[in-house]
Amino acid sequence: MNRKSVKVVVAGGFGTGKTTLVGSVSEIAPLTTEEVLTAPSEGIDDLTGIEDKTKTTVALDFGRITVNADIVLYLFGTPGQDRFWFIWDELAVGAIGAIVLVDTRRLDASFPAIDYFERRGIPFVAAVNMFFGECPYTEGEIRDALKLNPTVPLVWCDARDRQSSKQALISLVKHAMSRLPAGTSA
Amino acid sequence: MPDETWYGDDGEPGGRLVPLYMLVNGRTSPRNTSLNLATQVTALPVDTSALEPEYREILSCCGGWISVAELAAYLNTQLTVMKLLVDVLLERGFLALGDPAERTVADYRLLETILDRLQRL
């Protein structure tokens, strides 16, 4: 028994096209699973004097690419309720890395994801989603605004397009490989 | 016996005859701590006729390898709950387990294999 699964996390702010990207490369229609998280209601649902915890249901969308008989790759889009997705440390376990989708109209929505993967040393690529039309910025301007480390690849993609999403995935796997000594086997 | 149906207290449509906490024997976290949402499981060829229907339903989806997350999605069960049910089935010898997830993927050849597959997408 040596069936193995690996993951790619698709992160980014709300509405940046995560599920669209997952769906464009997955061999199955994206599936949704739900989880109930119990988290302290910090400030957001502030009920002064009540030490309460909120229960939030978060949905997780995912897709699958069968690599061969022994290996299957799952693509997990981080939950829509962005303020909770980082609780899912479990997503990062066994992950090749992450694609952080960037919407140039709302760059700040991608900051939490970039910060999360950077702090944990998890390989990631920034993928600027062209879904919304022409991008008015240059790569340099976006890199500056996102404070991207020069080693982090930045790719342009249209999350609706299979070939384009595929290139973002390829760029991530190559980036993850570049951080390993060639020929190593676990 | 009065003709009453108890729909349980978990508010699920249609209700459950057996509350989930009884199905998992009060277990609140998996004993197999390597269980991850992407962990692969598959049914072992053993007699399932004595099993509760909830467990048989899971096993009926495990003819090939499948992840905990897919089971949760197909059977419309919360991920945490599915993990517990799978944990029980593993322990009772109804399921076999794939490789545990590594903290990070540091296997160059594995990545090469994946890259090759992606390029053919």
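User: Axes are lines fitted to C-alpha atoms, for helices over the stretch in contact, and angles run from 0 to 180 degrees between N-to-C directions. At what angle do the axes of helix 1 and helix 5 of chain A cross?

Analyst: This is a predicted model, in which local features need pLDDT of at least 70 and side-chain atom pairs count only at pLDDT 80 or more, while totals for chains, interfaces and linings use all residues. Residues are numbered from 1 along each chain as its sequence is written, and chains are lettered from A and ligands numbered from 1 in the order in which they are written. Helices (H or I, at least four residues) and strands (E, at least two) are DSSP runs, numbered from the N terminus. The two axes come within 8 Å and cross at roughly 100°.

User: Is helix 1 of chain A roughly parallel or roughly perpendicular to helix 5 of chain A?

Analyst: Angles under 35 degrees count as roughly parallel, over 145 as roughly antiparallel, 65 to 115 as roughly perpendicular and the rest as oblique. The crossing is at roughly 100°. That makes the relation of helix 1 to helix 5 in chain A roughly perpendicular.

User: Which residues of helix 5 of chain A meet helix 1 of chain A?

Analyst: Two residues are in contact if their C-beta atoms, placed from the backbone, lie within 7 Å. From helix 1 of chain A come A:Leu21, A:Ser24 and A:Val25. On helix 5 of chain A they meet A:Arg162, A:Ser165, A:Lys166 and A:Leu169.

User: How far apart are the end C-alpha atoms of helix 5 of chain A?

Analyst: The expected span of a helix is 1.5 Å times one less than its number of residues. Helix 5 of chain A (residues 162–178) has 17 residues, so it should span 24 Å. The distance between its end C-alpha atoms agrees with that, at 24 Å.

User: Which helix of chain B do the buried residues of helix 5 of chain A pack against?

Analyst: A residue is buried if 20 or more other C-beta atoms lie within 10 Å of its own, exposed if 12 or fewer, and partly exposed in between, with C-beta atoms placed from the backbone. The buried residues of helix 5 of chain A include A:Ala168, A:Leu172 and A:Val173. Within chain A they pack against elements including strand 1 (4–12) and helix 1 (18–25), and in chain B against helix 5.

User: Which element gives the largest share of the side of chain B that touches chain A?

Analyst: 34 residues of chain B are in contact with 39 residues of chain A. Helix 3 (68–74), helix 4 (79–91), strand 3 (95–97) and helix 5 (108–119) of chain B each give two or more residues to that side. The largest share, nine residues, comes from helix 5 of chain B.

User: Is A:Lys147 buried or exposed?

Analyst: A:Lys147 lies in the loop between helix 4 (139–146) and strand 7 of chain A. Its phi is near 50°, a positive value in a residue other than glycine. Because it has 10 C-beta neighbours inside 10 Å, A:Lys147 counts as exposed.
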